[in-house]
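This text leads a new reader through one structure, moving from loops to helix pairs and then to a pocket. Please keep the sequence and the 3D view at hand while reading.

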Amino acid sequence: MYNRSNVLLSICLLVSLTAGVAHGQTTTNAQREALVIQARQGTLETSIEGLKTLYYQTRDLRVREDLVALLVRADRHQEALTICTWCQIENYSDSELTNLAGAARSAGKYQHALELFRMLTYRDSSNADGWLGQALIHTDMGNYTLAGISLQQYNQVAGTTTAGLEARGYLASVTSDAIQELSARQALLAQNPDNTGELHALYRLAVGLGASAAANGIMQSNPDAFSASDRLWLTYYEGVTDIRLGIHTDQPSRVNSGLEQLNSVLRADDAPEELVTIAEYDKVVALAQLRRFSEAEALATRLEKQHGRLPSYVDRARAHALNGMGRPNEAIELYENLIRQSPALATNPDDPLYEGLFYSYADAQRFRDADRLLKEWIASEPEERLDFTQTLRIENPNYQKVLLLEVLLDAWRGRNDEASERLATYQAQAPAEPYLWLTKGHIERDRGWPRKAEASYQQATPLLPPDRQEAAQHGVLLSRLQHGQWKGTTTEIAREIAQASPSASRDDMAREWRELRAPQLNSSFERSEGQGSGAQASKEWRYEVLLEGPRNDSGSRPFAQRIGQFGAFEDENLYASYNVAGYEWNLYPAMVTLAAGHGSQLNEDFLAMAELRYAASDHVTATAGVELNTTDTPLRALRDGINADRYRGELTYRHDERGAGAIGVMATDFDDSNLRQSVYGYWNQTLYHLDRWQINAAVQGSASRNDEVEASYFNPKRDASLAGVLSVNYGTPFDYRQSFIQSVSLGSGRYWQEDYDSENTWSLGYQHSWELAPTVSLQYGITRERAVYDGVPEYDNVISAGFVWRFL
């Protein structure tokens with residue numbers, strides 16, 4: 001009885017408990033389902049809070065599963081990941097794994113997401129969501145090979161699906177595999193032609209590939225899918241593509257076409273503000289590339305005021321424009337900032353920033369900085385590098401570029417001999433390299449050898465590709481201008497300036513042509529206190545003003561001159577002045593100068609001058625001249641009614657920019673039957689020149705013989721002089737083509753005069769020279785000297801000044 005009662009009691013208890021659990025479970029499910037239905041009806045947040053309360057009360061797995069799903073749906077990813085901090089991955093259902101893996105990916109916890117997706121495929125190797133998720137996570141993490149493998153697994157279990165195509169497009173876009181992305185986008189559109197998002201993505205891809213025609217076709221075929229703003233964006237992308245390709249292929253016409261398209265976007269009234277901003281940024285780049293530097297800088301300045309700091313690619317274009325405008329110090333600041341931000345761009349093989357910085361240093365005459373830069377640059381450049389396939393070694397263009405820049409820097413620093421020797425060594429190794437011939441031409445022209453430079457440029461021309469010959473052709477034209485061959489050359493220059501593509505050589509040619517033909521005003525003044533031993537003797541001051549008109553297409557020009565003199569002799573003030581007009585005829589290789597005028601005050605007679613100068617080569621020039629009633633007639637002779645005619649001949653030899661000299665003969669026929677016969681010679685040599693320092697030496701000698709006539713002017717029977725001067729110059733640049741030069745000179749010599757003992761002479765001088773702009777230069781100085789007059793030493797202070805103004 002007892003046993004039956006116990007068994008019966010146990011059964012009753014079990015039934016009661018089972019019924020209670022079942023009732024509780026039924027209640028939990030009912031509440032869960034009700035909350036899920038509420039979420040579907042739009043009360044998502046209320047449903048989440050209800051499920052959270054229910055889960056914390058029951059710890060029911062199905063409640064947790066729905067709660068995770070709703071939290072992910074509400075983008076509360078981090079909260080979803082912390083719902084069950086004590087759970088192991090294997091404790092989650094497949095649905096939870098999928099949702100939590102997506103939440104982890106959205107929260108940037110890629111490794112955790114990967115572990116969750118892997119659990120799905122571990123449980124079931126045919127789980128498509130697991131393989132797709134792994135492919136996306138591997139792409140996010142940069143594991144592109146593993147991403148591709150996961151995609152292959154997904155395609156095997158799921159086939160071709162929209163999700164798979166989107167994942168393939170995502171992988172292709174991240175890896176810049178435009179062809180794969182294009183294939184994926186096209187397949188997605190084939191599955192769903194009405195997918196506007198994919199249509200826009202395909203359009204953007206076509207634009208990014210530079211396939212403007214294809215992008216335009218997409219837009220034309222689907223007009224309803226694109227707005228007027230989209231059409232403006234297409235025009236912008238087409239313009240930018242033209243600009244970039246034009247820069248890369250050195251086609252200014254294409255850059256100009258792109259600029260026109262940008263302008264059409266900017267003129268549109270309905271252009272979005274964002275589009276206007278980036279279009280203006282790219283306009284700065286196009287203007288700078290087309291060498292419209294002033295416009296580029298003005299636009300960049302405005303954009304900086306509007307938007308603050310400019311993008312780096314705009315700053316780079318602005319630096320180029322500033323240097324082209326003759327503002328290298330500002331360009332240097334921009335280049336240095338860009339290199340600090342992106343050091344790799346300094347030595348970029350296609351367009352190294354170091355190159356622009358080097359030219360800016362050189363234009364600012366910061367030669368030591370330029371030299372340091374080249375040393376740093378070449379230390380980081382191997383002679384050879386791998387080609388784009390990374391399998392074949394080729395010559396490193398940057399290494400070759402630095403070698404040429406070192407040659408140019410040597411020349412600009414004053415070491416022309418070293419530059420020429422280094423260049424000759426390179427040419428012996430590569431005689432058919434056109435850019436070596438171009439560089440040789442540049443150096444020879446700077447050294448004053450225009451005929452040799454012309455020959456070098458002509459050597460370079462056939463070695464260059466047909467579309468790269470302009471620099472050599474422009475060099476030929478500039479060389480001809482320099483050595484006087486203007487006739488015909490100026491016509492070619494005008495045509496090149498009008499038709500040639502924008503380039504540095506075209507700009508240099510236009511600038512030099514403008515400066516060489518510009519009219520200019522030259523004035524000089526000199527005052528001394530002593531008698532001196534020259535022909536003038538009683539001269540105390542003299543001034544000259546020369547106005548030269550513009551050169552015509554043949555290189556000829558008119559001129560007008562005013563010369564004034566004053567001297568005091570035996571308490572008598574002596575004045576003379578001359579007004580002269582003349583013309584220079586360029587009869588290359590000869591130059592004929594004819595002038596006529598009239599004197600006033602002590603000399604009121606007609607005067608005339610004729611000169612023939614013949615340049616036989618880059619080195620030798622012969623000059624012959626005659627002056628009737630010469631303006632160098634001594635004032636004392638004029639006081640006595642004596643005029644003089646002068647005849648002279650001179651042979652000049654110019655070795656290079658460092659050394660030049662001449663020998664000459666001269667006869668001065670005075671009206672008092674005195675014939676002064678003179679011979680002279682001089683040589684000027686630069687002993688040292690490096691950067692700002694220059695040391696020059698000059699040696700000069702002369703001798704004269706005069707007839708024995710009674711004369712109040714200085715008229716030794718015979719005399720001779722020999723003197724040398726050493727000068728030290730130091731230049732201080734303060735902007736492009738603007739500098740201040742200080743010079744100290746020390747001279748010593750010996751003067752001999754018949755019937756008198758020979759005497760020592762000396763001089764000590766100090767001078768300032770200002771190059772204020774390409775249009776204006778000024779110089780002035782003072783010299784203390786010891787001269788000899790009829791055997792009597794004389795100490796003199798000489799003050800001089802000069803001014804040149806070119807009307808550009």
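Where is the place of Pro589? Pro589 sits in the loop between β6 (572–587) and β7 (590–601). The model shown here is predicted.

Asp755 is found in the loop between β15 (738–753) and β16 (759–773). Although Asp755 is not a glycine, its phi is positive, at about 80°.

The next topic is the packing of helices. Two packed helices are described by the angle between their axes and by the distance between those axes. Take helix α3 (residues 61–73) and helix α5 (residues 94–106): their axes come within 9 Å and cross at roughly 30°. Angles under 35 degrees count as roughly parallel, and α3 and α5 are therefore roughly parallel to each other. The crossing in which α3 passes α5 is left-handed. From α3, the residues Arg64, Glu65, Val68, Ala69 and Val72 take part, and they meet Ser95, Glu96, Asn99, Leu100 and Ala103 of α5. Sorted by class, the residues of this contact comprise 5 nonpolar, 2 polar and 3 charged.

The axes of α15 and α16 come within 8 Å and cross at roughly 155°. Angles over 145 degrees count as roughly antiparallel, so α15 and α16 are roughly antiparallel to each other. Their crossing is left-handed. On the α15 side, the contact is made by Thr277, Glu280, Tyr281, Lys283, Val284, Leu287 and Ala288. On the α16 side, it is made by Phe293, Glu295, Ala296, Leu299, Ala300, Arg302, Leu303 and His307. The contact of α15 with α16 has 9 nonpolar, 2 polar and 4 charged residues.

Another pair is helix α19 (residues 353–363) with helix α20 (residues 367–379), whose axes come within 8 Å and cross at roughly 160°. That angle makes α19 roughly antiparallel to α20. The crossing of α19 and α20 is left-handed. Tyr354, Glu355, Leu357, Phe358, Tyr361 and Ala362 of α19 meet a set of residues in α20, namely Phe367, Asp369, Ala370, Arg372, Leu373, Leu374, Glu376 and Trp377. Here the contact has 10 nonpolar and 4 charged residues, with no polar ones.

The last topic is empty space. Rolling a probe the size of a water molecule over the atoms shows where such space is left. The second largest pocket of this model has a volume of about 310 Å³. Which residues are the closest to the centre of this pocket? They are Val709, Asn715, Pro716, Lys717 and Asp790, out of 18 residues that line the second largest pocket. By class, the lining of this pocket divides into 7 nonpolar, 3 polar and 8 charged residues.

Key
Residues numbered from 1 in each chain as written. Predicted model: local features only at pLDDT ≥ 70, side-chain atom pairs only at ≥ 80, totals over all residues. Heavy atoms only, no water. Axes fitted to C-alpha atoms, helices over the stretch in contact; angles between N-to-C directions. Helix = DSSP H or I, 4+ residues; strand = E, 2+ residues; numbered from the N terminus. Parallel < 35°, antiparallel > 145°, perpendicular 65-115°, else oblique. Left-handed = near helix turned anticlockwise from the far one by under 90°. Contact = heavy atoms within 4.5 Å. Nonpolar A, V, L, I, M, F, W, Y, C, P; charged D, E, K, R; others polar. 1 Å grid on protein atoms, 1.4 Å probe; cavity = no way out; pocket = protein on both sides within 12 Å on 5 of 7 lines; lining within 4 Å. Points joined across faces, edges and corners; volume = space filled by probe spheres on them.
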